[in-house]
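Hello,

Here is the structure we talked about. Please look it over, then read my notes below.

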Amino acid sequence: MRISDFWRLMDDEFGAAYSRVLAADLVLGQLGGVTAAQALDKGMEPKSVWLAVCEIQDVPPERRLGRDIKPKAN
């Protein structure tokens, strides 16, 4: 997963503004007591960070892959 995919998933699930607040303020014990932003800055895998956020925020498993994106019409 790319960092851009992480932010897309965060924005889709929590909204653009709140996703930034969560990333900056929510401490993820599962990742050693750092925030999502700190974890990404340290080079942690974005997928691991996303799943840790999902776990602590109780995101249902069916929404952890993000919303379906319909292909653009030609």
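How many aromatic pairs does the count come to? The count comes to 2 aromatic pairs. Rings of Phe, Tyr and Trp (its six-membered ring) pair if their centres lie within 6.5 Å; planes under 30 degrees apart are stacked, over 60 edge-to-face, and the rest tilted.

Before the details, a word on the source. This is a predicted model, where local features need pLDDT of at least 70, side-chain atom pairs count only at pLDDT 80 or more, and totals for chains, interfaces and linings use all residues. Residues are numbered from 1 along each chain as its sequence is written, and side-chain values use heavy atoms, without hydrogens and water.

Aromatic pairs

Phe-6 and Trp-7 pair edge-to-face, at 5.0 Å centre to centre and 80° between the planes. Phe-6 is buried at 0% relative accessibility. Trp-7 is partly exposed at 22%. (Buried is under 20% relative accessible area, exposed over 50%, partly exposed in between, with a 1.4 Å probe and protein chains only.)

Phe-14 and Tyr-18 also form an edge-to-face pair: 6.4 Å between centres, 75° between planes. Phe-14 is buried at 18%. Tyr-18 is partly exposed at 41%.

Best wishes
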